[in-house]
Amino acid sequence: LYQFNSPYGDPNLKPDEGVTYDIGFEQHLFDHSLTFGLTYFYNDFENMVEWDPNTYTYQNVDNASLEGYEVEFAFIPIEALTLGVNYTYTITEDKDTGYELRRRPEHQAAVSINWAFLEKANVNISARYVGERWEDADNTERLDAYTTVDLSAYYDLTDHFQLFGRIENLLDGSYEQIPGFAGSGASYYAGIRAS
């Protein structure tokens, strides 16, 4: 019998435990043409499971917390057009070391414009910003912030067939979510969906 010994396994790894809550509200104004939302969130973890790139194994962070705010706006100036904005501010901490948690940006934001027209067509363009974040648990290596822009569209040919297309990373920006692994350049997709 062949036994596969994985370098990633650890019988001493403990499962995540924690308390999570969020409090927020959403308000519609001007006959629903403007929507505003605000949420506060808090997460308190014990034995949080984290990937360690130095040892290529999962490890426990004994005590950690994440808290912050998320703000959302949606504006509909005309029936077919929706403008959306959201922003998230996150504070993280490894309570045993006092350092921030790895790969969790303090600032994230997104903007989108969605246009539905001719009752059969839709075009959406969106931009996403991910702020700087620490790559290592000791907070010595910083990952750069980056922004990506995506474009998508579809057209209903019939009740059962839809023509679609999208471009991810429209501006072909260079970025790294993980050091040494470049994000995808501009990518193009198109096809027909049947339902």
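I began with the salt bridges and counted six in the structure, which is a predicted model.

I looked up Glu50 and found it paired with Arg104, with the closest N and O atoms 3.2 Å apart. This pair links distant parts of the chain: Glu50 belongs to strand 2 (residues 34-52), while Arg104 sits in the loop between strand 4 and strand 5, 54 residues apart. I noted that Glu50 counts as buried because its relative accessibility, 12%, is under 20%. Arg104, with a relative accessible area of 25%, is partly exposed.

I next examined Glu132 and Arg142, whose side chains form a salt bridge at 3.3 Å, N to O. Glu132 lies in the loop between strand 6 (121-130) and strand 7 (133-134), and Arg142 in strand 8 (residues 142-143), ten residues apart. I recorded Glu132 as partly exposed at 40% and Arg142 as partly exposed at 35%.

I found a further salt bridge between Arg166 and Glu168, at 3.0 Å, N to O. Arg166 is partly exposed at 31% relative accessibility, and Glu168 is partly exposed with a relative accessible area of 31%. I also noted a network of salt bridges linking Arg102, Arg103 and Glu135.

I then turned to surface charge. Asp16, Glu17, Glu46, Asp62 and Asp96 gather in a negative patch on the surface. Of these I checked Asp96, which lies in the loop between strand 4 (81-94) and strand 5 (107-117) and is partly exposed at 46%.

Lastly, I inspected Thr82 in strand 4, partly exposed at 30% relative accessibility. Beyond four places in sequence, Thr82 touches Phe75, Ile76, Ser112, Ile113 and Asn114.

Definitions and conventions
Residues are numbered from 1 along each chain as its sequence is written. This is a predicted model: local features need pLDDT of at least 70, side-chain atom pairs count only at pLDDT 80 or more; totals for chains, interfaces and linings use all residues. Side-chain values use heavy atoms; hydrogens and water are left out. Patches are made of residues with over 30% relative accessible area and no salt bridge: like charges are joined within 9 Å, nonpolar side chains (Val, Leu, Ile, Met, Phe, Trp, Tyr) within 5 Å. Accessible areas come from the Shrake-Rupley method with a 1.4 Å probe; for residues, only the protein chains shown count as cover. A salt bridge is a side-chain nitrogen of Lys or Arg within 4 Å of a carboxyl oxygen of Asp or Glu. Lys and Arg count as positive and Asp and Glu as negative; His and the chain ends are not counted. The place of a charge is taken as NZ of Lys, CZ of Arg, CG of Asp or CD of Glu. Helices (H or I, at least four residues) and strands (E, at least two) are DSSP runs, numbered from the N terminus. Buried means under 20% relative accessible area, exposed over 50%, partly exposed in between (1.4 Å probe, protein chains only). Contact means heavy atoms within 4.5 Å.
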